[in-house]
Amino acid sequence: MAYVITQRCVGIKDSSCVAVCPVDCIKPDPEDDRFSQVEQLYIDPDTCIECGACMPACPNEAIFAEEDVPEQWTGDIAANAQYFSS
């Protein structure tokens, strides 16, 4: 199970999680042209190694292990995956 960034990130996009990810699976990073075009950051479920480094780095508590995503944000699991499939 990968980690998921939920809607708590919308409009904030604090990139502290990007800086600590050892496999660069959180996108877009602030240097990416797409950064200003998205409402939140996303974790690539195929690249995430489930290390958990991103969770304590997030000041908004927007990141959860996939199996722990609160019910109201379960749609964000698919949203994270969808971002990387397009």
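Colleagues, a word on conventions. The model is predicted, so local features need pLDDT of at least 70 and side-chain atom pairs count only at pLDDT 80 or more, while totals for chains, interfaces and linings use all residues. Residues are numbered from 1 along each chain as its sequence is written, and side-chain values use heavy atoms, with hydrogens and water left out.

I begin with the aromatic rings. Rings of Phe, Tyr and Trp, the last by its six-membered ring, pair if their centres lie within 6.5 Å; planes under 30 degrees apart count as stacked, over 60 as edge-to-face and the rest as tilted. By this rule there are three aromatic pairs. Phe-64 and Trp-73 form a tilted pair, at 6.1 Å centre to centre and 35° between the planes. For accessibility, buried means under 20% relative accessible area, exposed over 50%, and partly exposed in between, with a 1.4 Å probe and protein chains only. Phe-64 counts as buried because its relative accessibility is 16%, and Trp-73 counts as buried at 15%. Tyr-83 and Phe-84 form an edge-to-face pair, with 5.1 Å between centres and 85° between the planes. Within that pair, Tyr-83 is buried at 14% relative accessible area, whereas Phe-84 is partly exposed at 27%. Ring pairs also link Tyr-42 with Tyr-83 and Phe-84 into a cluster.

Next, a residue with two features to report, Lys-13. A charge sits over a ring if NZ of Lys or CZ of Arg is within 6 Å of the ring centre and within 35 degrees of the ring normal. The charged end of Lys-13 sits over the ring of Phe-35, 4.5 Å from the ring centre. Helices (H or I, at least four residues) and strands (E, at least two) are DSSP runs, numbered from the N terminus. In those terms, Lys-13 is in the loop between strand 1 (3–5) and helix 1 (16–20). Lys-13 counts as buried, because its relative accessibility is 15%.

That residue brings me to the backbone. Most residues other than glycine have a negative phi, and most peptide bonds are trans. What is phi of Lys-13 near? Phi of Lys-13 is near 45°, a positive value in a residue other than glycine. Asp-24 also has a positive phi, near 55°. Asp-24 lies in the loop between helix 1 and strand 2 and counts as partly exposed at 43% relative accessibility. The peptide bond from Lys-27 to Pro-28 is cis, with omega near -15°, and Pro-28 is in the loop between strand 2 (26–27) and strand 3.

Ala-53 is partly exposed at 28% relative accessible area. Ala-53 and Val-18 are 35 residues apart in sequence and 9.7 Å apart in space, C-alpha to C-alpha.

Thr-47 is in the loop between strand 3 (42–43) and helix 2 (54–57), and is partly exposed at 31%. Contact means heavy atoms within 4.5 Å. Leaving aside neighbours within four places in sequence, Thr-47 is in contact with Val-23 and Cys-25.

Asn-80 lies in helix 3 (residues 75–85). Is Asn-80 buried or exposed? Asn-80 counts as buried, because its relative accessibility is 1%. Beyond four places in sequence, the contacts of Asn-80 include Val-4, Ile-5, Leu-41, Tyr-42 and Pro-45. Ala-2, in the segment before strand 1, is buried at 7% relative accessible area. Not counting residues up to four places away in sequence, Ala-2 touches residues including Pro-45, Cys-48 and Phe-64.
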